[in-house]
Amino acid sequence: MARFGSLSLFLWSCIIINAASPAQAQAATSPTSTVSMLSKTDPLNTLLLQGFNWESAKSSSPWYNLLKGIVDDAAEAGITDVWFPPPSQSVAPEGKLYDLDSSYGSEQQLKDAVNAFHQKGIGIVGDIVINHRCGTKKDDKGYWCVFEGGKGDGSLDWGPWAVTVNDKPYACGSGQTDTGEDFTGAPDVDHTNTKIQQDLSEWMNWLKSNVGFDGWRFDFVKGYAGNLVGGYIQNTTPKFAVGEMWDTDRQKVVDWVHSTGDRASAFDFPTKGILQDALKSNDLSSLKDSDGKPAGMIGILPQKAVTFIENHDTGSTQNIWPFPSDKLLQGYAYILTHPGIPTIFYDHFVDVNLKNGIKNLTAIRKRNNINGNSNCRIITAEGDLYMAAIDEKIVMKIGPRFDVGKLAPPSPEYGIAASGKDYCVWEKKSSSAD
């Protein structure tokens, strides 16, 4: 009998863009220029680290300085890109788009952190919150619908004309009808306006040239049309772009990606939801769809699916939609071995109880060239056991069943590369040398 033991919103919304057993596997000086000169590898090989949580802005030390402290660990783990918090000052009367002195640290500290990661060949993804905008002054009706850019040349100096008409509860706008869902935390921006498109594109390009950002994470993309997001990507040519399309219907998420002209990837909320519910209920049969493919977005458009098990909204102190805390490594054993573009959450990356397990899984992914478009052959998806072979180089299992019987990969062709509570990864011994 084969046994595996023997053989992973208001503070954000108001960015003023005027600116147990078995044991878990154990497994520089800043340059003068801040412009990234990284020659990005194949986007399908992206391994993203979210570099903040909900409490980062309240850190007793500048957050950017703390990020510099994990550069070596990130490089060792094979991280290709780090998602930074929103760069501009937030929820402050003096905050403007070009003011990069924020709750996370000074502009210089931001640049130093970016450069530290660049020295290791790691790209930086900026958090772009542009669906809505907090004003710096009230208009004549008493609404916070006067916006200042802070550059002194009129860029991002907007008035009520920049707010969508009939925006609720901000009845100050004279722009066009909103192209997406309402956001009640701040006035919704009229992204159909060419002046707004120009100003925001210029600002994002400035973030690239002045700070060294390499890519974008677009916040709340349900708030404005996907083709408009695609336009900003086209205007700013990031090496990587992903949208927060928070929806558990995978076809809707895929449709949004297509609406951007396939310029953006999207966070795979469907996979997160299905995976955490399956682990909570101890019914892993839901991880396979009717076509025998993974049930989330990775089952139909893996090359554009950015997988994750937690972020600053779903977990952290917000805890809106948390992944079961006793099954985190099962989650990472799934997303770090499967197709898609996996994301590691900061809190998990620095957790001494998770760190080595995560780094072991990322090493397996890198050794075997598992990427966004890798082939996933589901071996079984039952109540207490899920197993899959990826690119026929590795086999993984999650679930409480210890004895997997004849489903275990043959020995000595395969050997155990990682194991922990309710998860195991076998690696084809010849594949790591391919």
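Which residue in E13 is the bridge partner of Ile394?

## The antiparallel sheet

In this predicted model, the bridge partner of Ile394 in E13 is Glu427. The pair belongs to the contact between strand E11 (residues 394-398) and strand E13 (residues 423-428), which run antiparallel and are joined by 5 bridges.

These strands are part of an open sheet of 5 strands with antiparallel pairing, in the order E9-E10-E11-E13-E12. Strand E9 (376-381) and strand E12 (414-420) form the edges; each has a single partner strand, so one side of each lacks a neighbour in the sheet. From one strand to the next, the twist averages 15°.

## Helices on the sheet

Helix H9 (residues 328-335) packs on this sheet and touches strand E10 (386-390), E11 and E13. The direction of H9 makes about 150° with that of E11.

Helix H11 (residues 355-367) also packs on the sheet, with E11, E12 and E13 as the strands touched. For H11, the angle of about 150° is taken with the direction of E12.

## The parallel strands around E5

Strand E5 (residues 240-243) is covered on both faces: Phe240 and Val242 are buried on one side, Ala241 and Gly243 on the other. Strand E4 (residues 215-218) pairs with E5 in the parallel sense over 4 bridges, and Arg217 stands opposite Val242. Together with helix H6 (residues 226-236), E4 and E5 make a right-handed β-α-β unit.

E5 also runs parallel to strand E6 (residues 265-267), with 2 bridges between them; here Val242 stands opposite Ser265. The chain passes from E5 to E6 through helix H7 (residues 250-259), in a right-handed β-α-β crossover.

Conventions. Residues numbered from 1 in each chain as written. Predicted model: local features only at pLDDT ≥ 70, side-chain atom pairs only at ≥ 80, totals over all residues. Heavy atoms only, no water. Buried < 20%, exposed > 50% of the residue type's maximum accessible area, 1.4 Å probe, protein only. Pairing = 2+ DSSP bridges. Right-handed = clockwise from strand over helix to strand, strands pointing away. Axes fitted to C-alpha atoms, helices over the stretch in contact; angles between N-to-C directions. Contact = heavy atoms within 4.5 Å.
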